[in-house]
Amino acid sequence: MMLRSIWSRCLSTARRFDHISPAAKDPITSVTEAFLTDPNPDKINLGGAYRDGEGKPVVLQCVRDAEAKIAGSEFLESVSAAINSKLVEESCKLIYGGDSESIKEERFAGIQALSGTGACRLFAEFQRRFYPDSHIYFPNPTWSNHHNIWRDAQVSVRNFCYYHPKSKGLNFEGLISDIKNAPEGSFFLFHPCAHNPTGIDPTEEEWREISYHLKVKNHFPFFDVAYQGFASGDIDKDVMAIRIFLQDGHLVASAQSFAKNMGLYGHRVGCLSFLCDDVKQAFAIKSQLQKIARAMYGSPPVHGVLLVSTILGDQTIKALWTKELKIMADRIHGMRTILRESLEKLASPLNWEHITSQVGMFCYSGLKAEQIDRLARDFHVYMTSDGRISMAGVTTSNVDYLATAIHEVTKSDFRES
Ligand SMILES: Cc1ncc(COP(=O)(O)O)c(C=O)c1O
């Protein structure tokens with residue numbers, strides 16, 4: 001009797017999960033969720049992933065060729081260690097250059113990561129462990145998930161000036177001043193190409209100056225390389241910033257993703273790498289990265305990594321990849337031109353030059369919150385609430401509709417000088 005009453009008291013007072021309320025919606029994934037639940041046939045998803053000219057997901061022929069080459073081999077358990085080293089080596093060559101001194105002298109340390117997100121998360125954890133009092137500076141704005149990743153790793157985050165709302169371009173003066181004013185030895189996160197969300201990249205001259213000022217303050221550059229090839233269509237040009245930093249003698253770390261440039265979103269293939277002073281440091285860093293990853297997710301999946309290392313390691317397949325990458329980049333570039341022309345033909349009162357001056361997958365449109373809401377409500381056009389348009393979702397079939405919708409929600413605005 002007594003036991004039963006204690007039991008019922010426990011049941012009534014302590015409902016185990018009542019203190020857990022729903023998490024805030026993610027600003028990017030919620031766009032796709034809203035798009036998917038809309039039954040309207042004219043709906044457009046401008047939230048993220050690359051789509052072909054018909055709005056369909058793309059499987060690149062280079063991926064198909066790599067699949068044919070590796071068929072069956074992922075079942076060989078013993079393959080994975082060698083393949084991981086191959087992935088790291090090929091990924092490093094891709095961003096640092098096959099003939100860079102650090103690669104030739106094997107002064108690099110790297111680890112296969114769960115795509116770009118996983119590579120950033122590993123780095124954030126590394127930073128917390130080995131530089132516990134350091135800050136990381138993000139461009140303002142940056143990919144929204146950067147904030148989640150470093151917050152969860154309990155690293156202090158600060159921002160540096162990047163976007164200039166009036167010019168819809170780079171706030172270069174502000175950027176340099178923030179580098180100069182940051183405490184010596186701070187960490188700085190850069191998007192070396194196709195900045196997300198603004199589509200604005202510094203010029204070569206500006207990167208040289210950024211590199212110089214980082215060196216003066218002994219700051220550490222961390223590159224998040226999520227869109228190599230998507231800015232210019234050329235894999236080497238798109239990492240020009242990283243190569244400038246190497247010429248200037250920086251040690252650097254980079255997170256790489258193959259989600260977009262190989263169309264392998266679902267496979268989660270990425271790499272986190274460091275360039276070190278010598279082989280001894282590289283050995284130590286690699287072993288620490290392995291230790292961090294071991295506790296987070298054990299070991300990474302094998303199939304995607306076989307695909308990427310095969311594409312990068314086979315000259316014929318790699319050549320096909322770079323061709324296909326250029327086709328994707330050109331398609332996006334073409335859509336930028338058509339969207340801008342369509343808005344101009346509609347006699348829009350606004351200046352849309354930034355659609356074509358920005359690069360990569362995203363156009364930071366400058367649309368206001370109420371205009372973005374109206375686009376979703378009245379025109380079934382979905383984008384993130386900061387006005388970021390994924391140009392990858394624009395096709396020859398929907399570009400006129402999109403231009404008309406944007407014109408309708410903006411036509412009462414006045415052209416800014
Ligand atoms: C700047 C940036 N970094 C990293 C990522 C991570 O991409 P993934 O984890 O899909 O490779 C993204 C994806 O949107 C991104 O835009």
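## Two helices that cross

Axes here are lines fitted to C-alpha atoms, for helices over the stretch in contact, and angles run from 0 to 180 degrees between N-to-C directions. With that in hand, let's look around this predicted model, starting with a pair of helices. Helix H6 covers residues 115-130 and helix H11 covers residues 279-297; they pack at an angle of about 115°, and their axes lie 10 Å apart. Since angles of 65 to 115 degrees count as roughly perpendicular, H6 is roughly perpendicular to H11. The handedness of this crossing is right-handed.

Who does the touching? On the H6 side you'll find Arg121, Leu122, Glu125, Phe126, Arg129 and Phe130. H11 brings Ile285, Gln288, Leu289, Ile292, Ala293, Met296 and Tyr297 to the contact. Sort the residues of this contact by class and you get 9 nonpolar, 1 polar and 3 charged.

Zoom in on the S4 end. Strand S3, residues 135-140, pairs with S4 in the parallel sense, over 6 bridges. Here tyrosine 137 stands opposite arginine 158 in S4.

A few backbone details are worth a look. Asparagine 140 and proline 141 are joined by a cis peptide bond, with omega at about 5°. Proline 141 sits in the loop between S3 and helix H7 (144-152).

Another loop runs between strand S7 (187-190) and helix H9 (204-216), and proline 197 is found there. A cis peptide bond links asparagine 196 to proline 197, this time with omega at about 15°. The loop between S7 and H9 also holds alanine 194. Alanine 194 has a positive phi of about 55°, although it is not a glycine.

## How the domains divide

Now step back to the whole protein. The domain assignment gives domain 1 as 25-58 + 328-409, and domain 2 as 61-319. Taken over C-alpha atoms, the centres of domain 1 and domain 2 are 28 Å apart. Where they meet, 21 residues of domain 1 are in contact with 22 residues of domain 2.

## Another helix pair

One more pair to visit: helix H15 (residues 369-379) and helix H16 (residues 399-410). These pack at an angle of about 125°, with 10 Å between their axes, and that makes H15 oblique to H16. H15 passes H16 in a right-handed crossing.

From H15, the residues involved are Gln371, Arg374, Leu375 and Phe379. They meet Tyr401, Ala405, Ile406, Glu408, Val409 and Thr410 in H16. By class, this contact of H15 with H16 has 6 nonpolar, 2 polar and 2 charged residues.

Technical notes:
Residues numbered from 1 in each chain as written. Predicted model: local features only at pLDDT ≥ 70, side-chain atom pairs only at ≥ 80, totals over all residues. Heavy atoms only, no water. Helix = DSSP H or I, 4+ residues; strand = E, 2+ residues; numbered from the N terminus. Parallel < 35°, antiparallel > 145°, perpendicular 65-115°, else oblique. Left-handed = near helix turned anticlockwise from the far one by under 90°. Contact = heavy atoms within 4.5 Å. Nonpolar A, V, L, I, M, F, W, Y, C, P; charged D, E, K, R; others polar. Pairing = 2+ DSSP bridges. Domains from an automatic or database assignment.
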